Amino acid sequence: MEIHFPLEFIVEGAPVSLQTKRAASKRDWQDRVRAASRIALPPDYFASDDRIAVTLYYFPDSAMDGDIDNIVKPILDALTQQVYLDDGQVERVVVQKFEPDGVFRFAAPSSMLEKALTQTKPLLYVKLSDDPFEELA
């Protein structure tokens, strides 16, 4: 069965940085990303060979330590062979943090993003699309 995009899910907890020296922490985080994605995936699916766009919104429970760009690679690697065949298929990545003291508003959030906005933090909202140019049209 093919995956129907967009695919959205929430990963509870704080992402692990690419620069972490604790391999076990990185493996645990990637296992959590894969487990969260399985909930959104159809049964008996096969990983997509389409071009992919990834949106990552991180909602920390306090000011974030470290740089937001360092959370990307472990997440993309976790989804390889899970959602897509190879992370080389990823043509676009949008990553943004929304710290508790920041002021932000989403014009028309999806039901999954709405859930992320109201759920206990920290958490990561993930959206995968098979249209890397969707926001350029």
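The structure is a predicted model, in which local features need pLDDT of at least 70 and side-chain atom pairs count only at pLDDT 80 or more, while totals for chains, interfaces and linings use all residues. Residues are numbered from 1 along each chain as its sequence is written, and side-chain values use heavy atoms, with hydrogens and water left out.

**Overall form**

Three helices and four strands make up the secondary structure of the protein chain. These elements are DSSP runs numbered from the N terminus, with helices being H or I of at least four residues and strands E of at least two. Their order along the sequence is β-α-β-α-β-α-β.

The C-alpha trace spans about 40 × 40 × 25 Å along its principal axes. The radius of gyration of the protein chain, 14 Å, agrees with the value near 14 Å for a compact globule of 137 residues. This radius is taken over C-alpha atoms, and the globule rule is 2.2 Å times the number of residues to the power 0.38.

**Surface and charge**

The protein chain exposes about 7,900 Å², of which carbon and sulfur atoms supply 48%; accessible areas come from the Shrake-Rupley method with a 1.4 Å probe, and for residues only the protein chains shown count as cover. Of the 137 residues, 42% count as buried. Buried means under 20% relative accessible area, exposed means over 50%, and partly exposed lies in between (1.4 Å probe, protein chains only).

There are 15 positive and 23 negative side chains, and the centres of the two sets lie 5 Å apart. Lys and Arg count as positive and Asp and Glu as negative, with His and the chain ends not counted; the place of a charge is NZ of Lys, CZ of Arg, CG of Asp or CD of Glu.

**Nonpolar cores**

A nonpolar core is a set of buried Ala, Val, Leu, Ile, Met, Phe, Trp, Tyr and Cys residues joined through side-chain atoms within 4.5 Å. The largest has 28 residues, and V83, L124 and L128 have the most contacts inside it. Two or more residues of this core come from each of β1 (7-12), α1 (23-40), β2 (52-59), α2 (72-79) and β4 (123-129). Helix α2 gives the largest share, five residues.

Leaving out residues up to four places away in sequence, L128 touches F5, P6, L7, F9, I52, A53, V54, L79, V83 and Y84. Another core, of nine residues, lies apart from the largest one and includes F98, L113, A116 and Y125.

S17 is found in the loop between β1 and α1, Q30 in helix α1 and K127 in strand β4. Their accessibilities are set out below.

| Residue | Relative accessibility | Class |
|---|---|---|
| S17 | 24% | partly exposed |
| Q30 | 11% | buried |
| K127 | 21% | partly exposed |

S17 touches N70 and P74. S17 and N70 are 53 residues apart in sequence, yet their C-alpha atoms are 5.1 Å apart in space. Q30 is in contact with P74, D77 and A78. For K127, the contacts are P6, L7, E8, A53, V54, T55 and E134. K127 and Y58, separated by 69 residues in sequence, are 12 Å apart from C-alpha to C-alpha.

Notes
Contact means heavy atoms within 4.5 Å.
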